[in-house]
Amino acid sequence: MSEETVELGPEIDPRIFDSKEFQKDPFPIYKQLRDHHPIYHDRFHNRWILSRYWDVDGAFQDNGSYDRAMYKADGPYDFGSRHVFGPNILEYGNSDEHRRLRNIVAGQFVGQKLQDFIPMIHQISEEVIDRFIDSGEVEIISQFASQVPIRVISNMLGLPREDEDTFVTWYQDLIAGLGFGGEHLMRGLNARNEMWDYIDPLIKKRSVDPGEDLLSRICTAEIAGSRMSSDEVKGFVALLLAAGGDTTEKAIANMWYHLMYTRPDQMELALSNPDIWENVFAEMMRFDPVVHAQFRYTTREIPLYNDVIPERAGVILYLGAGNRDERAFKNPDTFDILRDDLHMGRENRSGRYKDGKNGHLGFGIGQHFCMGYAMARQESAIACSKLAARVKKPRPKNMVHPGISSPSIDSGGFRSPEELIMEFDK
Amino acid sequence: MKVLVDKEKCFMSGECYYNHPELFRMDDDGYPEVIENRLDQDLLRHAEEAVQVCPAGALKLEK
């Protein structure tokens, strides 16, 4: 943890965190937090905030002090995900149960098992592009970014290709239900139930007669003799759509947004170099990642900067702020895919790299580091490089864009533009 | 039995020390350091799991 002196600065009104202004452009507030309130007690929302790179990193690393779940006497506090997804890995905090579930599935998304799926990602990207390439225009989010990841997941699970469009509809309803609640929530839950009814017989079948697909692998993967239950498999599939589909969709959108509007002068470089898309991904994950905040609960008192966070307090780790910290990156407010102080390529759960550079915090760090990190990076880079190779002279349709926003940035709301239209020569 | 770390292969994914703090800890450079080599039956099971889960194939058990 950094313990440099803090210069006093203007107070921050905690109601700012609920404002449209903050959701659209949180970065000036992030800087005020880092410079003058590196430990900020938000009395209005009853929570604490950390924002400097090394403090966010340190909290992610420190499992003894920060837990992902709040524990009650009889087990972890249910913070809603069970309601939508069923039993799933997000609920089990730092427990042994979390480790068991994570280890059963984590291995499916890295290394050779991931490489097995790569040719299919190439093929699906091309198919999605085929649908609009002759029109000279694409709305990147609905026609491209939201299409690739969900079709990839459907194929990974080994669902029949003729069911892919149905799967896409369930996905859209489920995500809408999660994001907006209210009437959408019912739609989301209905979609989930339909999907579970559909997948239930498949789970039974593949548990006894497994193939090479992800669903078979999840049904039969064993860690220390233990498999996932049928309900856990279903919960995981539902979670996969949100955590694996929606996030990747928004990552792809954010990559194109920043090339089109933030650094159009680097667009040419990206169009002419298919290998550079992993850099675009890494820099997007630093500069303006899909997820800006993670929530933790303290398991003990934490003294920091002459203040003390009490035990059992809620803490927001603003990784979106840590990523813009001058203490970790030069000119942090510049989007630069050639940045020499950011680790590009394969990320680590440890956040430490042999090249000595700092990594982005976009996947978190430590025990709850994003399980799908390698998949997200490779899939985003492949899909984007395919699109780049096929569009001629791409340019934004509208020279002015309302910008990226987030419905609720501090509760883990995913950040991405609402619409992104690109024109290109036919 | 003893757990060995191949630092050439290791890419510091952290899987071993986050899953098994009873066996490993992260050293100052991000590599795992084995902190317990007296492996009873339970710990041996944990060590085997760590070897299986390591995405770099950098861990092995040696008699």
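## Salt bridges and a buried helix

R263(A) has a relative accessible area of 18%, which makes this residue buried. Keep in mind that we're working with a predicted model here. The partner of R263(A) is D265(A), and their closest N and O atoms are 2.8 Å apart in a salt bridge. D265(A) itself counts as exposed, at 54% relative accessibility.

Zooming out, the whole structure has 42 salt bridges over all chains.

| Pair | N to O distance |
|---|---|
| E127(A) and R161(A) | 2.8 Å |
| R263(A) and D265(A) | 2.8 Å |
| D27(B) and K7(B) | 3.8 Å |

What does the E127(A) and R161(A) pair tie together? E127(A) belongs to helix α6 (residues 111-130) of chain A, while R161(A) is in the loop between α8 (148-156) and α9 (164-180), so the bridge connects parts 34 residues apart in sequence. E127(A) is partly exposed at 27%, and R161(A) is partly exposed too, at 36%.

Over in chain B, D27(B) and K7(B) meet in a salt bridge. D27(B) is buried, with a relative accessible area of 15%, whereas K7(B) is partly exposed at 42%.

Back in chain A, K31(A), R34(A), D35(A), D325(A), E326(A) and R327(A) join up in a network of salt bridges.

Methods
Residues numbered from 1 in each chain as written. Chains lettered and ligands numbered in written order. Predicted model: local features only at pLDDT ≥ 70, side-chain atom pairs only at ≥ 80, totals over all residues. Heavy atoms only, no water. Salt bridge = Lys/Arg side-chain N within 4 Å of Asp/Glu carboxyl O. Helix = DSSP H or I, 4+ residues; strand = E, 2+ residues; numbered from the N terminus. Buried < 20%, exposed > 50% of the residue type's maximum accessible area, 1.4 Å probe, protein only.
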